[in-house]
Amino acid sequence: MKMKVGAYQFAVTGDIERNLKSMERGILCAVRAGVRLLAFPECALTGYPPRDLACAADADLEQAKAACARLQELAETYEMHILAGSITEQSGCRYNSVLLFSGERAGSDSGALYHKRALWGWDRDNFAPGAESGILEIEGWRLGVRICFEVRFPEFFRELYRAQTDLNLLLFYDVCDQENEDRYEMIRSHIRTRAVENVTHTLSVNTISPYQTAPTGLYDRSGRCLTELTRGEEGLLVYELEKRPLDFGEQGRKEISDQLC
């Protein structure tokens, strides 16, 4: 079973209209490439506080709602699945969320599939913690979703392992005000380790400005890089994933992990 997956990195801003135009550009590129599942970064639609807006309360959620309607329209038009980060609100609380737009399955009333749970610093100042599993089924593939800082905690990914996900997706907004290659390589190592530990393909996507400190890339069940985008350059990652039997090392890690779980 195969599925062509994609991730689009761009310079996320606090301007919803500008972000939407970048996302539309990414969607059209993905359509031309035959992508079925496309991921955008954390807070891609609204921007991330306090970098792009002073606080989460400043996000124009009415404008975001209209932009979400446009993304759902595009998902239906091109019969594809789109994951994107945004600020959302439920019962008076604002969340750092991943939204699902699908030509085959509409989201909930808020469009939220997952709310970030590992909140610290700016996140804790701006958001309430979520409680969703972040697991969905698309075209016979079981997917798990996590957000940025959660990559530091194996426990969040062990949940996905126990749910037997085929592909895990990580949406990042991780940048610095100056070049920081050490941070980039550290986070890249975290992503690869999560892939190895859980014997699961892992796709990451990040914003690019001012200095990108987490990769947009796809890593296999043994943590090997299948493809990565160039840091700091807007663009589309594309890869056709195929479900294959586990190799010797992967089978060993899975059997031991099953014993430990």
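Before I start: helices (H or I, at least four residues) and strands (E, at least two) are DSSP runs, numbered from the N terminus. This is a predicted model, where local features need pLDDT of at least 70 and side-chain atom pairs count only at pLDDT 80 or more, while totals for chains, interfaces and linings use all residues. Residues are numbered from 1 along each chain as its sequence is written, and side-chain values use heavy atoms, with hydrogens and water left out.

**Entry 1: Asn-168.** I found Asn-168 in strand E8 (residues 167-171). Is Asn-168 buried or exposed? Its relative accessible area is 1%, so I noted it as buried (under 20%; exposed is over 50%, partly exposed in between, with a 1.4 Å probe and protein chains only). Gly-144 lies 24 residues away in sequence, yet the C-alpha to C-alpha distance to Asn-168 is 4.5 Å. Leaving out residues up to four places away in sequence, Asn-168 touches Gly-144, Phe-157, Leu-160, Thr-200, His-201, Thr-202 and Leu-203; contact means heavy atoms within 4.5 Å.

**Entry 2: cores.** By nonpolar core I mean buried Ala, Val, Leu, Ile, Met, Phe, Trp, Tyr and Cys residues joined through side-chain atoms within 4.5 Å. The largest one has 38 residues, and among the members touching the most others are Leu-37, Leu-83 and Phe-172. I also noted a second, separate core of 36 residues, including Val-12 and Leu-99.

**Entry 3: the sheet.** I traced an open sheet of 6 strands in the order E5-E4-E3-E2-E1-E14, with mixed pairing; two strands pair if DSSP finds at least two bridges between them. Strands E5 (112-115) and E14 (235-242) are at the edges with a single partner strand each, so one side of each has no neighbour in the sheet. E4 (residues 93-102) and E5 pair in the antiparallel sense over 3 bridges. Val-98 has Tyr-114 in E5 as its bridge partner.

**Entry 4: H1 and H2.** The axes of H1 (residues 16-33) and H2 (residues 61-78) come within 11 Å and cross at roughly 10 degrees. Axes are lines fitted to C-alpha atoms, for helices over the stretch in contact, and angles run from 0 to 180 degrees between N-to-C directions. That makes H1 roughly parallel to H2 (under 35 degrees; over 145 is roughly antiparallel, 65 to 115 roughly perpendicular, the rest oblique). Among the contact residues I listed Leu-20 and Ile-27 of H1 and Leu-71 and Tyr-78 of H2.
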